[in-house]
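Reader: I would like a close look at one part of this model, a pair of packed helices and how they cross. Please go on from there to whatever else can be said of the packing.

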Amino acid sequence: MESEGNSEKTLRRSKTKKGSNTIPLAGGAALLTLAVSLAITAINSRRNSKRKDLPGRNFRVNLSAGEILKLADRIIAKSKEVHDAVASIPLDKVTYKNVISPLAELEAQQFPLVQSCVVPKLVSTSDKVRKASAEAEKKIDAHISSCSKREDVYRVVKAFAAKGEWMGPEARHYVNCLMRDFERNGLNLTTTKREEIQRLRAQIDEISFQYIQNLNDDSSSVLFHENELAGLPAEFLKTLEKAENEMFKVTLKSHHVLPVLELCKIGKTRRLVAMAYGNRCGKVNISVLEDLVQARHKFARLLGYSNYAEYALSLRMAMAPSKVLEFLEDISSSLSDLANKELTMLKQLKKQEEGELPFGVEDLLYYVKKVEQQEFDLDLGALKQYFPVNLVLSGIFKISQDLFGLRFEEIADAEAWHSDVRVFSVFDLSSGELLGYFYLDMYTREGKYGQTCVVALQNGSAALNGARQVPMALLISQLQKDIGGISSLLRFSEVVSLLHEFGHVVQHLCNRASFARFSGLRVDPDFVEIPAKVLENWCYESFSLKLISGFHEDITKPIKDEICKSLKRWRYSFSALKLKQEVLYCLFDQIIHSAESVDIVELFKDLHPKVMLGLPMLGGTNPASCFPRCAIGYEAACYSRIWSEVFAADIFISKFRDNLLDHHVGMQFRTKVLAPGGAKDPVEILSDFLGREPSIQTFIDNKIECSL
């Protein structure tokens with residue numbers, strides 16, 4: 001089910017020192033040691049009123065609103081000074097030292113300062129500071145945008161690129177990226193075409209915003225009598241408004257629609273809700289999307305591309321629309337036999353429960369949920385008792401130590417923006433070298449950013465006169481704080497999410513690219529999720545799951561083997577059918593952005609039965625009118641989540657599954673996959689690690705094997 005609204009773009013020593021404590025690196029009984037260690041930390045924190053600064057930190061903490069705005073002005077002034085200096089170089093005097101080096105060093109110097117201005121809007125407890133941070137971000141973004149349109153700087157960089165001066169591969173890649181960014185703003189075109197590009201870009205932003213705004217403003221609802229909502233828990237019914245006639249009002253927001261489609265026993269109710277949900281903003285958003293796609297194609301053609309998808313994919317690992325379409329079609333066709341078996345099972349179950357009524361897409365969630373409840377002995381609510389947050393963290397540190405050779409040390413009195421925030425030094429286990437720091441801001445609070453994510457605070461580039469900066473990252477999550485002295489217990493989905501985001505922390509800290517442009521999480525957007533998705537797999541293997549679990553009242557009791565097996569089976573439950581439904585939307589997104597004059601309503605009608613094994617699109621719906629990912633944020637790139645999952649599976653199964661804590665393989669992953677960052681072609685990176693080109697076949701074979 002496609003959710004409404006728009007998600008934000010994305011912005012990711014051997015001896016213990018005095019004033020810090022080493023985090024124990026084992027699960028189970030070792031949490032007892034952890035508890036003592038944390039108690040010492042708390043005592044030290046109370047004793048030390050002066051907060052400790054971190055060596056090598058340029059990211060600034062706890063700036064006031066006024067300081068943020070002043071820093072933003074200084075950032076812009078310094079940037080303008082450097083760009084002006086570069087622009088003033090005579091075209092026959094250009095060198096790496098007077099053109100490329102100043103721009104690269106500016107990026108490296110300013111990244112942590114920019115983050116000092118913009119991160120407070122995500123985490124500060126002060127509304128005034130959050131507003132100042134948002135204002136600073138707008139000013140800085142506007143300045144960066146203006147720099148990317150400076151024709152005088154472009155001419156100088158172009159002159160240097162044409163000169164053919166010898167450079168190393170990463171420096172050459174950096175120069176190519178500078179040229180590409182300027183030319184994607186039309187600086188290689190006539191003034192008339194350049195103005196048209198800027199006009200179209202503004203128009204695209206306006207139209208895409210309108211599409212999302214229409215969905216956000218939609219207040220439609222459907223009314224039902226209580227007997228028409230049979231199967232839904234009383235707690236859910238209490239959350240629904242009642243109309244004057246005592247009927248229940250089900251809104252078309254996902255927090256109402258999903259429970260109805262999953263739990264309501266009445267097929268007619270499920271169908272009515274699915275029809276209403278799939279027809280939100282009906283004709284109005286169809287028209288908006290048509291205008292949006294045409295504007296995108298026109299924009300791309302002005303820049304020399306055949307269509308918008310070609311423009312969007314030129315920056316991505318997939319490279320071309322034809323490759324994406326082939327990828328999606330291969331995934332879909334390879335899983336058709338398995339998906340058919342899954343669908344047959346669901347149809348039989350509906351026949352048993354509802355007689356000869358035809359099976360429709362509106363029945364998928366309900367009967368999948370029903371089978372899962374019957375097949376798997378999983379009480380996800382009770383499962384929380386095995387995931388106390390500190391034990392989960394201890395296990396994650398253990399996995400990271402054994403695999404990637406990382407040692408984590410908590411700094412008890414480091415300066416932070418809230419008392420809940422924990423700060424860690426990260427060292428190379430073998431050499432004791434400081435690799436970086438990360439902040440852990442786990443608990444929900446008023447004003448804090450509402451999603452789980454990793455934000456880069458400082459990149460580990462070496463462009464600053466050869467001196468490497470210390471990388472720093474922030475992991476934000478939305479856990480509930482300890483209540484009544486009882487440690488926070490995590491839902492299993494929160495455990496998976498935490499391990500995924502921790503994968504981004506490791507990815508950020510282990511990146512060894514020399515240029516800020518390629519360091520941290522600044523990598524190919526098709527590649528950036530792969531390392532984190534690889535790490536998710538440790539949540540589904542019995543051996544590693546026991547490292548991050550233990551009954552909260554007696555942590556020496558790990559999660560039971562049968563629960564581990566059920567979680568893994570649950571992961572693959574109806575996975576082929578679910579994936580084909582996602583492929584359907586990805587194909588739609590790719591086709592409308594790679595072909596001209598497509599009838600978007602008819603396209604969905606045509607694609608639906610072909611991909612979904614003969615199931616027709618639900619009558620009276622217009623999925624294209626309520627598909628926000630293709631309107632903003634993931635246009636021509638909806639495939640990327642599946643892409644990441646497929647190649648992460650290839651890596652895990654081929655290299656890690658048979659030995660989950662293989663240090664040799666883990667270090668190869670760290671040096672060959674994480675270290676290059678965005679400085680190297682991602683296909684080359686994966687091929688070097690795997691010893692062959694990445695393939696979808698491993699993913700397909702595993703799906704079939706695990707679903708049997």
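Author: A crossing of two helices is called left-handed if the near helix is turned anticlockwise from the far one by less than a right angle, and right-handed if clockwise. The model discussed here is predicted.

The crossing of H25 and H27 is left-handed. H25 covers residues 640–656 and H27 covers residues 682–690; their axes lie 11 Å apart, at an angle of about 20°. Angles under 35 degrees count as roughly parallel, so H25 and H27 are roughly parallel to each other. On the H25 side the contact is formed by Phe647, Asp650, Ile651, Ser654, Lys655 and Phe656, and on the H27 side by Leu686, Phe689 and Leu690.

The loop between helix H24 (600–611) and H25 contains leucine 613. Leucine 613 is not a glycine, yet has a positive phi of about 55°. Most residues other than glycine have a negative phi. Glutamate 246 also has a positive phi, near 70°, and sits in the loop between strand E3 (241–242) and strand E4 (248–251).

The crossing of H18 and H19 is right-handed. H18 contributes Val392, Leu393, Ile396, Phe397, Ser400 and Phe404 to the contact, while H19 contributes Val495, Leu498, Leu499, Phe502 and Val506.

Leucine 346, in helix H15 (residues 336–354), is buried because its relative accessibility is 0%. Leaving aside residues up to four places away in sequence, leucine 346 touches Phe359, Leu364, Tyr367, Val368, Val371, Phe574 and Leu577. Lysine 448 is 102 residues from leucine 346 in sequence, and their C-alpha atoms are 42 Å apart in space.

Asparagine 214 belongs to helix H8 (residues 191–217). Its relative accessible area is 16%; since buried means under 20%, asparagine 214 counts as buried. With residues up to four places away in sequence excluded, asparagine 214 touches Cys281, Val284, Asn285 and Val288.

As for covalent links between cysteines, the structure holds zero disulfides. A pair of cysteine sulfur atoms must be within 2.5 Å to count as a disulfide. The cysteine sulfur closest to that of cysteine 638 is in cysteine 586, 5.6 Å away, so the distance is too far for a bond. Cysteine 638 is buried, with a relative accessible area of 1%. For cysteine 706 the closest cysteine sulfur is in cysteine 564, at 15 Å, which is also too far for a bond.

Conventions. Residues are numbered from 1 along each chain as its sequence is written. This is a predicted model: local features need pLDDT of at least 70, side-chain atom pairs count only at pLDDT 80 or more; totals for chains, interfaces and linings use all residues. Side-chain values use heavy atoms; hydrogens and water are left out. Buried means under 20% relative accessible area, exposed over 50%, partly exposed in between (1.4 Å probe, protein chains only). Axes are lines fitted to C-alpha atoms, for helices over the stretch in contact, and angles run from 0 to 180 degrees between N-to-C directions. Helices (H or I, at least four residues) and strands (E, at least two) are DSSP runs, numbered from the N terminus. Angles under 35 degrees count as roughly parallel, over 145 as roughly antiparallel, 65 to 115 as roughly perpendicular and the rest as oblique. Contact means heavy atoms within 4.5 Å.
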